[in-house]
Amino acid sequence: MDEFVVYILYSEKFNKNYTGFTSNLIERFKSHNVLGTKGYTLKFRPWTVIHVEFFSSKAAAMRREKYLKSGTGREFIKNLILKL
């Protein structure tokens, strides 16, 4: 059974966050922090994982990611960051 992870990364150095989903968090995190050669996350390294949620379906993970990128979702992320 596949497991999907919605994750939130935070770059303290640049005060930026990034929300995504994957079925392999470790490899995806490596991609964001080390291996990736293009994209948004490249400019704001290093990243720290500040939140993860697990889902049994890709559709559920995609819905949660979409919610976290909405206005109320961004507010949730802002509050997470304030608690760091």
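This report covers the strand sheet, the helix packed on it, and the salt bridges of a predicted model.

## Basis

The model is predicted: local features need pLDDT of at least 70, side-chain atom pairs count only at pLDDT 80 or more, and totals for chains, interfaces and linings use all residues. Residues are numbered from 1 along each chain as its sequence is written, and side-chain values use heavy atoms, with hydrogens and water left out.

## Sheet

Three strands make an open sheet, ordered β2-β1-β3, with antiparallel pairing. Strands (E, at least two residues) and helices (H or I, at least four) are DSSP runs, numbered from the N terminus. Two strands pair if DSSP finds at least two bridges between them. The edges belong to β2 (16-22) and β3, each with a single partner strand, so one side of each has no neighbour in the sheet. From one strand to the next, the twist averages 15°. Angles run from 0 to 180 degrees between N-to-C directions, and axes are lines fitted to C-alpha atoms, for helices over the stretch in contact.

Strand β1 (residues 4-11) pairs with β3 over seven bridges, in the antiparallel sense. V5 has F54 in β3 as its bridge partner. Helix α1 (residues 25-35) packs on the sheet. Helix α1 touches β1, β2 and β3, where contact means heavy atoms within 4.5 Å. The direction of α1 makes about 30° with that of β1.

## Salt bridges

Side chains of opposite charge can pair when their charged atoms come close. A salt bridge here is a side-chain nitrogen of Lys or Arg within 4 Å of a carboxyl oxygen of Asp or Glu. The count comes to four. Among them is E53 with R64, whose closest N and O atoms are 2.7 Å apart. This pair links distant parts of the chain: E53 lies in strand β3 (residues 48-55) and R64 in helix α2 (residues 58-68), eleven residues apart. E53 is buried, at 15% relative accessible area. Buried means under 20%, exposed over 50%, and partly exposed in between (1.4 Å probe, protein chains only).

K69 and E65 also form a salt bridge, at 3.1 Å from N to O. E65 is buried at 13%, whereas K69 is partly exposed at 44%.

K78 bridges to E75, with the closest N and O atoms 3.8 Å apart. Both sit in helix α3 (residues 71-82); they are three residues apart, so about one helical turn separates them. K78 is partly exposed, with 45% relative accessibility. E75 is partly exposed, with a relative accessible area of 39%.
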